[in-house]
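Welcome, and thanks for taking a look at this structure.

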Amino acid sequence: MAKIFCVANQKGGVGKTTTAVNLAAALANIKQRVLLIDLDPQGNATMGAGIDKAKLPSSVYQVLLGMGDIKDARQTSETGRFDVLPANRDLAGAEVEMVELENRETRLKTALAAVLDDYDFILIDCPPALSMLTLNGLCAAHGVIIPMQCEYYALEGLSDLVNTIKIVHAKLNPDLKVIGLLRVMFDPRMMLSQQVSSQLEQHFGDKVFKSIIPRNVRLAEAPSYGVPGVNFDAGAKGAQAYIAFGKELVERIQKI
Ligand code: ATP
Ligand code: MG
């Protein structure tokens, strides 16, 4: 049975998609069966996995609205060796269209039931908002991975996210927990990065992953080739960090 994790943070551009795609590839490289779900109309995870979002026969949009089967919509990322439930801008409409539907928060969860045995991990790349799409991700998941940049405003947004997770846990999904906070785009030369990083450790203790993802240009270049960073340049510092993070996550979930 798959473990399902959302990569979520309502702040834009904090490294959610980079984390989701590279974690998927890192887990696939250690023989885990992975499905990456792109839950963002921007379709960045889809493109980053080497799948053309302009040419999707079916996508997560059809699946959420009950117009398509998840088994037909999923595709394989050749460059990442994991499966992808892709997205494109069609998904922007889902937000409004789902309002009319019954059980609108749990549509992704219901759809995933058909493929749970096909995977060890299902990773959900959430959009930068606490929206109905993100809510579907949180209702379907066992846990949340929160990527964050170590800067002052990062902490401010964090409390909103943690509160939302608490509410979903209380009202909609008792399985949901914060798996951990992942420090990304880390620049060790910046005093502020160091300070925020140690504040995080003080506040959240074990919930902060030991792996730290550095700012690394190879990770930023990889998506334009449709190759996950960990496979694009496996020796680069960023790739190495995501490989270590994949291993740390596997160890961590064995303990919980
Ligand atoms: P959005 O909120 O728009 O979905 P996001 O949280 O998914 O954004 P990403 O798209 O992963 O964030 O990252 C934002 C930008 O930062 C991208 O251009 C990405 O390539 C770059 N980036 C992410 N992580 C790193 C890193 N460790 N080093 C260098 N660049 C990075
Ligand atoms: Mg993204």
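Lys-16 is buried (under 20% relative accessible area, with exposed meaning over 50% and partly exposed in between, for a 1.4 Å probe and protein chains only), yet Lys-16 has no salt bridge. The nearest side chain of opposite charge belongs to Asp-125, 6.5 Å away; here Lys and Arg count as positive and Asp and Glu as negative, while His and the chain ends are not counted. A salt bridge requires a side-chain nitrogen of Lys or Arg within 4 Å of a carboxyl oxygen of Asp or Glu.

This is a predicted model, in which local features need pLDDT of at least 70 and side-chain atom pairs count only at pLDDT 80 or more, while totals for chains, interfaces and linings use all residues. Residues are numbered from 1 along each chain as its sequence is written, chains are lettered from A and ligands numbered from 1 in the order in which they are written, and side-chain values use heavy atoms, leaving out hydrogens and water.

**Around Lys-16**

- You will find Lys-16 in helix 1, which covers residues 16-29; helices (H or I, at least four residues) and strands (E, at least two) are DSSP runs numbered from the N terminus.
- The side chain of Lys-16 reaches the backbone oxygen of Asn-9 at 3.1 Å.
- Setting aside residues up to four places away in sequence, Lys-16 touches several others, including Val-7, Asp-125, Cys-126 and Pro-147; contact means heavy atoms within 4.5 Å.

**The chain as a whole**

- Twelve helices and eight strands make up the secondary structure count of the chain.
- With a radius of gyration of 17 Å, close to the 18 Å that the globule rule gives for 256 residues, the chain is as compact as a globular protein of that length; the radius is taken over C-alpha atoms, and the rule is 2.2 Å times the number of residues to the power 0.38.
- The C-alpha trace spans about 50 × 40 × 30 Å along its principal axes.
- Of the 256 residues in the chain, 53% are buried.
- Among contacts with a separation of 6 or more, 79% come from residues 24 or more positions apart.

**Salt bridges**

- How many salt bridges does a search of the whole structure find? The search finds nine.
- One of them joins the side chains of Arg-33 and Asp-120, at 3.2 Å from N to O. This pair links distant parts of the chain, 87 residues apart: Arg-33 is in the loop between helix 1 and strand 2 (34-38), and Asp-120 is in the loop between helix 6 (107-112) and strand 5 (121-125).
- Arg-33 is partly exposed at 40% relative accessible area, and Asp-120 is also partly exposed, at 24%.
- Glu-248 forms a salt bridge with Arg-252, with the closest N and O atoms 3.8 Å apart. These two residues sit four apart in helix 12, so about one helical turn separates them.
- Both Glu-248 and Arg-252 are buried.
- Elsewhere, salt bridges that share partners join Arg-218, Glu-221 and Asp-233 into one network.

**Asn-88**

- Asn-88 lies in the loop between strand 4 (82-85) and helix 5 (91-97).
- Asn-88 counts as buried because its relative accessibility is 11%.
- Beyond its neighbours within four places in sequence, Asn-88 is in contact with Pro-41, Lys-53 and Leu-56.

Methods:
Polar contact = N/O pair within 3.5 Å; in protein donor to acceptor, adjacent residues only side chain to side chain.
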